[in-house]
Amino acid sequence: MALKLYTYFRSSAAYRARIALKYKGLDYEPVCVHLRRKEHRADTYRRLNPQALVPALDDDGTVIPQSLAIIEYLEEIRPEPALLPRSPQDRAIVRAMTQLIASEMHPLCNLRILVYLKDELNQDEGSVNTWYQHWVAEGFGALETMVEHYSADGEHCFGDSITMADVCLVPQMLNARRFDCDLEPYPALRRIDAALSDHEVFATAHPTRQPDAE
Ligand SMILES: N[C@@H](CCC(=O)N[C@@H](CS)C(=O)NCC(=O)O)C(=O)O
């Protein structure tokens, strides 16, 4: 198996994929795509991923975009260690948490959205940050309530082991800090983030440990 990950050190969606690859013990070749230099918008990259977003995973010529699709794919080709619990009910809750982050929060605060607000709608930096912080608060408020209910040990979003929900949470917390979001109202999320950030799997996938880190 020859895995290649199109990645950018600061991309939280790519960070999710890196965590999952590491957790599964899968080696891969990182192919760095510099977002600030707009390398993802080049035709060569668009041919691989027409959405022009990172990450994308290339497994022997099959190119899979979308971090959640990548993580689900890895779960199928390398079921252990698992990133989803066993029962259908539990799996649905974990997937709901991942979608809360990846489908509701992250898309509203993505680079191209912020650039559009600034450059096309003429919003100043203060307004853009207010936008960002608003959507983070909406999402984390709901996730905090879910995690209070479903975490068994206070150190994982669901139950007492790492799941896809944790894989999505840690990068989103890092993003939130970068944009000075107030995380005080989310003690459960902060505790999970603190517990997992030192974990080797998460630490190795961290933006500062990537070959393209600045
Ligand atoms: N839903 C996608 C989101 C991918 C995404 O938005 N990636 C960002 C980096 S975190 C990106 O490539 N942004 C480029 C841009 O906004 O122009 C996923 O989960 O993979």
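**Aromatic pairs, helix packing and loops**

The predicted model holds six aromatic pairs.

Reader: How are the rings of Tyr6 and Tyr45 arranged: stacked, edge-to-face or tilted?
Author: The ring centres of Tyr6 and Tyr45 lie 5.7 Å apart. Their planes stand at 55 degrees. Planes under 30 degrees apart count as stacked and those over 60 as edge-to-face. The pair is therefore tilted.

Reader: Which parts of the chain does the pair of Tyr6 and Tyr45 link, and how many residues apart are they?
Author: Tyr6 sits in strand S1, residues 3–7. Tyr45 belongs to helix H2, residues 43–48. The pair links distant parts of the chain, and the separation is 39 residues.

Reader: Is Tyr6 buried or exposed, and is Tyr45 buried or exposed?
Author: Buried means under 20% relative accessible area. Tyr6 has 9% relative accessibility, so Tyr6 counts as buried. Tyr45 has 4%, so Tyr45 also counts as buried.

Reader: What is the geometry of the pair Trp131 and Trp135?
Author: The centres of the rings of Trp131 and Trp135 are 5.8 Å apart. Their planes stand at 70 degrees. Planes over 60 degrees apart count as edge-to-face. The pair of Trp131 and Trp135 is therefore edge-to-face.

Reader: Why are Trp131 and Trp135 separated by about one helical turn?
Author: Both residues belong to helix H6, residues 125–150. Trp131 and Trp135 are separated by about one helical turn because they are four residues apart in H6.

Reader: How are H4 and H7 oriented to each other?
Author: Helix H4 (residues 88–105) and helix H7 (residues 164–178) have their axes 8 Å apart. They pack at an angle of about 30 degrees. Angles under 35 degrees count as roughly parallel. H4 and H7 are therefore roughly parallel to each other.

Reader: What is the handedness of the crossing of H4 and H7, and which residues meet there?
Author: The crossing of H4 and H7 is left-handed. On the H4 side stand Val94, Met97, Thr98, Ile101 and Met105. They meet residues of H7, namely Met164, Ala165, Cys168, Leu169 and Gln172.

Reader: How do the residues of the contact of H4 with H7 divide into nonpolar, polar and charged?
Author: No charged residue takes part in the contact of H4 with H7. Two residues are polar. The nonpolar residues number eight.

Reader: How is H6 oriented to H8?
Author: H6 packs with helix H8 (residues 187–197), and their axes are 8 Å apart. The angle is about 75 degrees. Angles of 65 to 115 degrees count as roughly perpendicular. H6 is therefore roughly perpendicular to H8.

Reader: Which residues make the contact of H6 and H8, and how many are charged?
Author: H6 gives Phe140, Leu143, Glu144, Val147 and Glu148. H8 gives Pro187, Ala188, Leu189 and Ile192. In the contact of H6 with H8, seven residues are nonpolar, no residue is polar and the charged number two.

Reader: Where is Arg78, and which residues does Arg78 contact beyond its neighbours within four places in sequence?
Author: Arg78 is in the loop between helix H3 (67–77) and H4. Arg78 has a relative accessible area of 31%, so Arg78 is partly exposed. Its contacts, leaving aside neighbours within four places in sequence, are Lys24, Gly25 and Leu26.

Reader: Is Asp160 buried or exposed, and which residues does Asp160 touch?
Author: Asp160 lies in the loop between H6 and H7. At 55% relative accessibility, Asp160 counts as exposed. Not counting residues up to four places away in sequence, Asp160 touches Ala152 and Asp153.

Reader: Which peptide bonds to Pro55 and Pro81 are cis?
Author: Pro55 is in the loop between H2 and strand S3 (56–59). Pro81 is in the loop between H3 and H4. Omega is near 10 degrees for the cis bond from Val54 to Pro55. Omega is about -5 degrees for the cis bond joining Glu80 and Pro81.

How values were computed:
Residues are numbered from 1 along each chain as its sequence is written. This is a predicted model: local features need pLDDT of at least 70, side-chain atom pairs count only at pLDDT 80 or more; totals for chains, interfaces and linings use all residues. Side-chain values use heavy atoms; hydrogens and water are left out. Rings of Phe, Tyr and Trp (its six-membered ring) pair if their centres lie within 6.5 Å; planes under 30 degrees apart count as stacked, over 60 as edge-to-face and the rest as tilted. Helices (H or I, at least four residues) and strands (E, at least two) are DSSP runs, numbered from the N terminus. Buried means under 20% relative accessible area, exposed over 50%, partly exposed in between (1.4 Å probe, protein chains only). Axes are lines fitted to C-alpha atoms, for helices over the stretch in contact, and angles run from 0 to 180 degrees between N-to-C directions. Angles under 35 degrees count as roughly parallel, over 145 as roughly antiparallel, 65 to 115 as roughly perpendicular and the rest as oblique. A crossing is left-handed if the near helix is turned anticlockwise from the far one by less than a right angle, and right-handed if clockwise. Contact means heavy atoms within 4.5 Å. Ala, Val, Leu, Ile, Met, Phe, Trp, Tyr, Cys and Pro count as nonpolar, Asp, Glu, Lys and Arg as charged, and the others, Gly among them, as polar.
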